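Have a look at the model first, and then we can walk through the pairs together.

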Amino acid sequence: MTIDGMTDEGATTAADRRWLRRAIALSRSGMEADCGGPFGAVIVRNGAVLAEGSNRVTSDNDPTAHAEIVAIRRACAAADDFSLAGAVLYASCEPCPMCLAAAYWARVDRIVFAACRDDAAAAGFDDAHIYRELALAPDQRSLPMVALLRDEANAVFSVWNQKEDRIAY
C-alpha cells in the first residue's frame, strides 16, 4: 500500500509497531476521557519513552495542544534539552503542519505515523487549507498579515548576533 508515494511499511521494525500502537492507544484513551480529538503521540530515544501525549485542545482550551506538541514539550522537559536529536516521534496520525514544523524544530530523527492526513480529513480534521496557505506569499494568504517596524526588529537581531553567550538553535 502507498500513501502519497510512501510505503506503509518502509524500513520499520517490531519496535516501531509497538510504539505506534501505544500512540494509537493514547489517541483512544485521550478521546474517551474527553481531553480532545483522537490523536496520540510517543517520543522514544534509545529504546526508552521520553514522553507521551494525547490531544488536549478542548480540555486545555489550547489550540496548540496537539498530541505531538504535548509529547514534544514533555520530552524536552524530561531531556532537559530543546533538541530531541536521536529520537523518533510516533504519531497516531500524520502530523499537521504545526506539529510537523515542531518536529523539525525539535530535531527528531524520524516520524512514524499511522493514519494519513486524508483519513484525518474524513474524520473532520482537515488541514488542506493550511497546507495551501503555507505555499502562498504572506500578502496572498486568507489570514491578513501586515509587516511593520522591520528595522526595529532587525536591530534586536543585530544585538543577538553580537551576544557572545547566545545558545544557537
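At 23% relative accessibility, Arg56 counts as partly exposed (buried is under 20% relative accessible area, exposed over 50%, partly exposed in between, with a 1.4 Å probe and protein chains only). This is a predicted model, where local features need pLDDT of at least 70, side-chain atom pairs count only at pLDDT 80 or more, and totals for chains, interfaces and linings use all residues. Residues are numbered from 1 along each chain as its sequence is written, and side-chain values use heavy atoms, with hydrogens and water left out.

**Salt bridges**
- The structure holds seven salt bridges (a side-chain nitrogen of Lys or Arg within 4 Å of a carboxyl oxygen of Asp or Glu).
- One of them joins Arg56 to Asp60 at 3.0 Å, N to O, and Asp60 is partly exposed at 39%.
- Another pairs Arg117 with Glu94 at 3.1 Å, N to O.
- That pair links distant parts of the chain, 23 residues apart: Arg117 is in helix α5 (residues 117–122) and Glu94 in the loop between β5 (87–93) and α4 (97–106); helices (H or I, at least four residues) and strands (E, at least two) are DSSP runs, numbered from the N terminus.
- Glu94 is buried at 16%, whereas Arg117 is partly exposed at 33%.

- Glu133 sits in helix α6 (residues 128–134).
- Glu133 is buried yet has no salt bridge, and the nearest side chain of opposite charge, Arg141, is 5.3 Å away (Lys and Arg count as positive, Asp and Glu as negative; His and the chain ends are not counted).
- The Glu133 side chain does reach the backbone nitrogen of Ser142, at 2.7 Å.

Note on methods. Polar contact = N/O pair within 3.5 Å; in protein donor to acceptor, adjacent residues only side chain to side chain.
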